[in-house]
Amino acid sequence: MARIDSLTLTPFEVPLASPFRIATMTNHAASGVFISITAGGKTGWGECLPFHAINGENQATVMASLRTLAPAIHGEDSRDLRRLIELCESILPAQTTAISGIDMALHDLAAQRAGLPLYRFLGGTKRELPTDLTIGILPPKEAAAKAKKIIDQGHEAIKIKLGDTPMNDAERVATIREVAEDAILRVDANQAYDRLTALHLLESIAELDIQFCEQPVKRNDYQGLAFLHQNSTVPVMADESCFSPSDAFALLSQNCCNLINVKLCKSGGILRAQEIASITQAAFGRCMMGGMAETRLGVTAAAHVASSHSAFHFFDLDAHQSHKEDVIDGGIQTVRGSVVLPEKAGLGARPKQEFLDRFETETLA
């Protein structure tokens, strides 16, 4: 039996190359927690990367949550994935970012024991994962210059953050379209607008061939999302409205949308992310695999999940590309706009030891 021998927690910070502004916050660094779980002579890694404006968690709350959860799983059989995740959820049901790190590390361990890359352990096959790159809220000329660089790197899709003002948002999108004539353009409002303002804005940019808009209204405004789903010529995607499989069921059954953005830190990890994907697919919807501001470790886990389920049609696997420093050994590589998965058993990624050595690691045994 592969009982859990020890857990380590390392709170870390990676500065961003430049401030990243969305409608609800401006981020200057990726502040998260790496967690390792050792069982049966193997070590699995996970990453917890909270966005307080999205999931109400920060680095301090994640550390406190992990200190609470660790005693409950210490000494337990690491192979009993579902039971351990359900145990964590029963103790701290709202702390999805903390639970996602445990879930990720346990899946890494399980795939290592099976001798399979994580995507194959999850039942997937290698597939092309063309990722977009995201442009935060910037002045139009700066946004256009960034868009040109993205296209020059080989990316075919660009995600544009909204939430400045409708007029400024429309100008930013139009300016980007001028320099990225053939690119796929997606927009993300991060809950910035009420339904009528959102409808007016989306109709004003619809002629620019916008693939979809993420979360134009507040997370709990299901009626507003349904209104836009039924009236906007630009399709709408739920993001902040969907944390769990039950959220996905409610959104889809109430005809609020047929597109859902799945993020591991938001869903509580891989197990629930796959359930959200299955529910969405059963309702004839489609998913995007997204992220917060994870390092290449967290993005690698997301890419494995994206390859494991055919509900994933869209890929936003760019979080690490805004970091000043790459702090991960192994993991995904992005080649001409597409993400390439590692073939090592398990996650195939771990934090660089020299990076971990900069921070204080807490061992819970």
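Predicted model: local features only at pLDDT ≥ 70, side-chain atom pairs only at ≥ 80, totals over all residues.

Modeller: Counting cavities of 30 Å³ or more, you get 1. The largest cavity has a volume of about 50 Å³. Rolling a probe the size of a water molecule over the atoms is what shows where empty space is left.

Which residues line the largest cavity? They are Leu 264, Gly 290, Gly 291, Glu 294, Gly 298, Val 299, Ala 302, Asp 316, Leu 317 and Ala 319. Sorted by class, that lining has 5 nonpolar, 3 polar and 2 charged residues. Helix α13, residues 296-306, gives the most to this lining, with 3 residues.

Glu 294 is a handy way out of the cavity. Besides lining the cavity, Glu 294 is touched by His 323. His 323 has its place in the loop between β12 (312-315) and β13 (328-330). Is His 323 buried or exposed? His 323 counts as buried, because its relative accessibility is 10%, and the cut-off for buried is under 20%. Leaving out residues up to four places away in sequence, His 323 also touches Ala 293 and Thr 295, along with Val 14, Pro 15, Leu 16, Ala 17 and Ala 30.

Some of those contacts take you into the sheet, with β1 covering residues 4-21 and β2 covering residues 26-39. The sheet is an open one of 4 strands, in the order β3-β2-β1-β17, and its pairing is antiparallel. At the edges sit β3 (42-48) and β17 (362-364), each of which pairs on one side only. Direction ignored, neighbouring strands here are turned by 25 degrees against each other on average. Helix α4, residues 96-114, packs on this sheet and touches β1, β2 and β3. The direction of α4 makes about 150 degrees with that of β3.

Let's stay with β3 for a moment. Although β3 is an edge strand, it is mostly covered, with 5 of its 7 residues buried. Strand β2 is joined to β3 by 7 bridges, and the two run antiparallel. Along that pairing, Phe 34 stands opposite Glu 47 in β3, while Ala 39 stands opposite Lys 42 in β3. The hairpin of β2 and β3 has 2 residues between the strands, and Gly 40 takes a positive phi near 60 degrees there.

About 650 Å³ of space lies in the largest pocket, and β1 gives the most to its lining, with 6 residues. The lining has 32 residues, and those nearest the pocket centre are Phe 20, Thr 134, Lys 146, Asp 318 and Ser 322. Along with β1, each of β5 (133-135), α6 (140-152) and β6 (157-161) supplies at least two residues of the lining. By class, the pocket lining has 14 nonpolar, 9 polar and 9 charged residues.

Technical notes:
Residues numbered from 1 in each chain as written. Heavy atoms only, no water. Pairing = 2+ DSSP bridges. Axes fitted to C-alpha atoms, helices over the stretch in contact; angles between N-to-C directions. Contact = heavy atoms within 4.5 Å. Buried < 20%, exposed > 50% of the residue type's maximum accessible area, 1.4 Å probe, protein only. 1 Å grid on protein atoms, 1.4 Å probe; cavity = no way out; pocket = protein on both sides within 12 Å on 5 of 7 lines; lining within 4 Å. Points joined across faces, edges and corners; volume = space filled by probe spheres on them. Nonpolar A, V, L, I, M, F, W, Y, C, P; charged D, E, K, R; others polar.
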